[in-house]
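I looked up the pieces one by one and wrote down what I found.

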Amino acid sequence: MLLKKLMAILMGLGGLPGLSGGVQAARPPQPAMDAPGECRDSAFLQQHPLTETLRAEPFVIFYTRSGDNAPPLEDTTGSGTPDYVKNVAIQLQAANQYYQKMLRLTPPLEQPRYRLAKAIHVYLFDLPRGNGMAFDEVTRVKGEDGNWLPCALTIRISSKLNQPLNPTPAHELFHLYQYGYTQFKVGWLLEGMTRWIESAYNGEIVMSKKLQARPPLKGAELYALRYSAWPFWQRLAREKYGTVTLSPELEAVRYLDGNPVFRTTTLPGGEALEPLLTRLQELSKEQSRQANLPYYQWPEKLQQSHQFDDVICQAMEGIECSR
Ligand SMILES: [Zn+2]
């Protein structure tokens, strides 16, 4: 552990000057196209002391029992861990199985982009805004004992979600899956696709009559949307791809109060996710090569840029994109 840390420091400094045969005015080497970037240090746990943890592979859930950041502390099983925290773990692990086994997606920790990360850290606290956030960059934090924890992906979840649990943890986890595949972070793709996936936890999301009567979303009208772009993804998936059916094991997963995690046993068009995300992965790499930019090190502004909207849309096989 210590040796690894020392090596990391040395590598970060570009090696020891005294050992490398003197100072040379060498230019920093160009990072390889598939370099994973760096695992940045984060002071998050110093700013938000979440002193308790629940380990639920591959997740480590951090929370506190005191102050405004504490979740509801009811512990009906007498296990020593609040129900709220356990329910978050139950949803995350079930969602993780669903994405891997049912949707056949590669988990973020197995993606080349995230090869530095060893876990997914989930911070439960009183978020100032919204219910959750998922970060696409890997970080390492200092634990309670002052030691650095292994590099990790990070999700932040509100400690004040309604019960039975809404699908925020599963929603944020799906973002990590998306990040593992692609650098594109435009809202109509990121949030639209994820809102559609929430069908698994909320029950099939249905278009209103008004929406059904309108022509399909496309072009600038589509690209300006975020969550409400879900009908685009639902329609695309249903028209061209098969239905995913929940396994009996996942169907049986319950929160501590007996409510099921999944509210529907089928996701029509669910077979679309793996080919669509794989295509987006290829497309990200194509754009990287054109810009001579390492695959996983796009500046945030570029990731969120709308300059790729038509390219992304056109890659979705035969869908009419422009107006
Ligand atoms: Zn989201």
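Entry 1, a helix on the sheet. The model is predicted. I started with helix α4 (residues 168-181), which lies across β4, β5 (132-141) and β6. Its direction runs at about 60 degrees to β5.

Entry 2, the sheet itself. I traced an open sheet of 6 strands in the order β1-β5-β6-β4-β3-β2, with mixed pairing. Which strands stand at the edges? I found β1 (40-42) and β2 (52-56) there; each has a single partner strand, so one side of each is left without a neighbour in the sheet. The twist from one strand to the next averages 35 degrees. I then looked at what packs on the sheet and noted helix α3 (residues 83-102), which touches β2, β3, β4 (119-125) and β6 (152-158). The direction of α3 makes about 155 degrees with that of β3.

I checked β2 against β3 (residues 59-63): they pair in the antiparallel sense over 5 bridges. The two strands form a hairpin, with 2 residues between them. For glutamate 52, I found tyrosine 63 as the bridge partner in β3. For arginine 55, the partner in β3 is valine 60. Next I looked at β4, which pairs with β3 in the parallel sense over 4 bridges. Here valine 60 has histidine 121 of β4 as its bridge partner. I also noted that β3, α3 and β4 make a left-handed β-α-β unit.

Is β3 largely enclosed or left open? I found 5 of its 5 residues buried, so the strand is largely enclosed by the rest of the structure. In a regular strand, side chains alternate between the two faces of the sheet. In β3, I saw Phe59, Ile61 and Tyr63 pointing one way and Val60 and Phe62 the other, all of them buried.

I looked up how helix α5 (residues 187-197) meets helix α9 (residues 230-240). They pack at an angle of about 65 degrees, and their axes are 7 Å apart. The crossing of α5 past α9 is right-handed. Which residues make the contact? From α5 I listed Gly192, Met193, Arg195 and Trp196, and from α9 Trp230, Phe232, Trp233 and Gln234. By type, the residues of this contact divide into 5 nonpolar, 2 polar and 1 charged.

Technical notes: Residues numbered from 1 in each chain as written. Predicted model: local features only at pLDDT ≥ 70, side-chain atom pairs only at ≥ 80, totals over all residues. Axes fitted to C-alpha atoms, helices over the stretch in contact; angles between N-to-C directions. Left-handed = near helix turned anticlockwise from the far one by under 90°. Contact = placed C-beta atoms within 7 Å. Nonpolar A, V, L, I, M, F, W, Y, C, P; charged D, E, K, R; others polar. Pairing = 2+ DSSP bridges. Buried ≥ 20, exposed ≤ 12 C-beta atoms within 10 Å, placed from the backbone. Right-handed = clockwise from strand over helix to strand, strands pointing away.
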